[in-house]
Amino acid sequence: MAYYLQPVTGAYTDLERITNEVRMISNGQFPEIAQRYALNPLSAVYIAFASLCHNANVLKFTSALIMFSCLLYIPYAEWRDHRISRFSFILTTVTTMAISNFPSYVFGVRQGPACTLAVLAAYLYLVQKKHKSSIILLITAVLLHFSTIIIAGALLVTHIRKQQTYLIICALIIGYTVISYAVVSMLSATGLSFASSLLGKMNGYYVFGSNFTMFASSLSQMCAYCRFFVSIMLLMLYLHLYREDNVKNQPYTRFFIVLLMVLVGSIPTGTPFRRFSMFALYASIPILGYVLTKFLRNPRSRSVSPQRISAKEQTRDRESVFLHYMLFIVMLACIGVSVFYDWHSFIYYYLSSNQFYQV
């Protein structure tokens, strides 16, 4: 479906720019494209692959393939290793497909694969303990799209043993927009081309940047806030349901909290906040599986008369009902954001065998 997805006339996508770059590479201008993607050198190689195929639309197919392969592997691996139940696996898989912003990432070409590769790398590193393969995937993601350096940074913070140091760094992360802007501005003043290029992007992305522009509708920004809300609620449910297992100190939980701190720090931005809200939502997939497993277990038998149930058990039952309602709201919000945002996206696209982008 991704291969045959076409934009309506007048709708701009990143693939339009990339199609032109494919033509440039076909005409022997690869060094110029490589210079353009100095921060993301693997992107130039990825685009050159389309040039070899003489078809820019193949990138729509490969982007969707990489994206869904990475995301759907996570609930499968959780079920295979018996960390989540069968019903939880099914619901988590369906929800993962529902929350995927399919058309945006298909036409974005680079961001979708890079984002999902980085999230999968973090999962493999922290949960599956497959360090070598995860490092390879993470390096690939960063070289494909530099924004995924956030995932690498979150993994490093996760390894901090001292709780006080960890909390201090999390607090600093909340102010990362101001800190990073100041640091990059100073580096740019020294004449570093890398810093100057990065500063140019920051000026367009940060609300206090000199060239800030909202590169999307207010609807997409609102959807980013909804994704943020869903991620927060899932974490709250997880910490409450597994409070007896001390999950807050587990590596993946600490990693997910760092990502949420990055998301909080990204609130005064445009594109980064929307981008990192997807990072957080995709990173919540294992947590969603754990929460669903807890809720879908066999309920306590009701053959016991109410008189024999202690006050403590009655309170626990009321809490369970309340949490079920919370989960229901979270699931509705999660699916609602996906359907609403994808509806907003799909009005600009249609399915056809007549390819819109021609090299």
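This is a predicted model: local features need pLDDT of at least 70, side-chain atom pairs count only at pLDDT 80 or more; totals for chains, interfaces and linings use all residues.
Before the structure itself, one term: a crossing of two helices is left-handed if the near helix is turned anticlockwise from the far one by less than a right angle.

The protein chain has 359 residues, and buried residues make up 51% of them. Its secondary structure comes to 17 helices and two strands. As for contacts in the chain with a separation of 6 or more, 76% of them are between residues 24 or more positions apart.

Now the helix pairs. In general, two packed helices are described by the angle between their axes and the distance between the axes.

The pair I'll take to begin with is α14, residues 251–265, and α15, residues 271–283. Their axes come within 9 Å and cross at roughly 160 degrees. Angles over 145 degrees count as roughly antiparallel, so α14 and α15 are roughly antiparallel to each other. The crossing of α14 past α15 is left-handed. Which residues of α14 and α15 meet? On the α14 side there are Y252, F255, F256, L259, L260, V262 and L263, and on the α15 side F273, F276, S277, F279, A280 and A283. By class, that contact of α14 with α15 has twelve nonpolar residues, one polar residue and no charged ones.

The other pair is α11, residues 176–189, and α12, residues 193–205. Here the axes come within 8 Å, and they cross at roughly 140 degrees. That angle makes α11 and α12 oblique to each other. Again, α11 passes α12 in a left-handed crossing. From α11, the contact takes in S180, Y181, V184, S185, L187 and S188; from α12, it takes in A195, S196, L198, L199, M202 and N203. Sorted by class, the residues in the contact of α11 with α12 are seven nonpolar, five polar and no charged.

Next, single helices. Helix α1 covers residues 14–26, which is 13 residues. From first C-alpha to last, α1 reaches 19 Å, close to the 18 Å expected at 1.5 Å a residue. Which residues of α1 are buried? They are L15, I18, T19, E21, V22, M24 and I25. The cover over these buried residues includes α2 (30–36), α3 (41–53), α4 (58–80) and α6 (102–108). Just after α1 comes G28, which takes a positive phi of about 85 degrees.

Helix α16, residues 285–295, is mostly covered. How many of its eleven residues are buried? Ten of them are. The buried residues of α16 are I285, P286, I287, L288, G289, Y290, V291, L292, T293 and F295.

Is M326 buried or exposed? The cut-off for buried is under 20% relative accessible area, and M326, at 13% relative accessibility, counts as buried. Leaving out residues up to four places away in sequence, M326 touches M233 and L237. L237 is 89 residues from M326 along the chain, yet their C-alpha atoms are separated by 8.1 Å.

I329 also lies in α17. With a relative accessible area of 49%, I329 is partly exposed. Its C-alpha atom is separated by 9.4 Å from that of M233, a residue 96 places away along the chain.

Moving to helix α8, residues 131–144, we have S134. S134 is buried, with a relative accessible area of 2%. What does S134 touch, not counting residues up to four places away in sequence? The residues are A121, L124 and Y125.

At 18% relative accessibility, T93 counts as buried. With its neighbours within four places in sequence left aside, T93 is in contact with L72 and P75.

That is the tour.

Definitions and conventions: Residues are numbered from 1 along each chain as its sequence is written. Side-chain values use heavy atoms; hydrogens and water are left out. Buried means under 20% relative accessible area, exposed over 50%, partly exposed in between (1.4 Å probe, protein chains only). Contact means heavy atoms within 4.5 Å. Helices (H or I, at least four residues) and strands (E, at least two) are DSSP runs, numbered from the N terminus. The expected span of a helix is 1.5 Å times one less than its number of residues. Axes are lines fitted to C-alpha atoms, for helices over the stretch in contact, and angles run from 0 to 180 degrees between N-to-C directions. Angles under 35 degrees count as roughly parallel, over 145 as roughly antiparallel, 65 to 115 as roughly perpendicular and the rest as oblique. Ala, Val, Leu, Ile, Met, Phe, Trp, Tyr, Cys and Pro count as nonpolar, Asp, Glu, Lys and Arg as charged, and the others, Gly among them, as polar.
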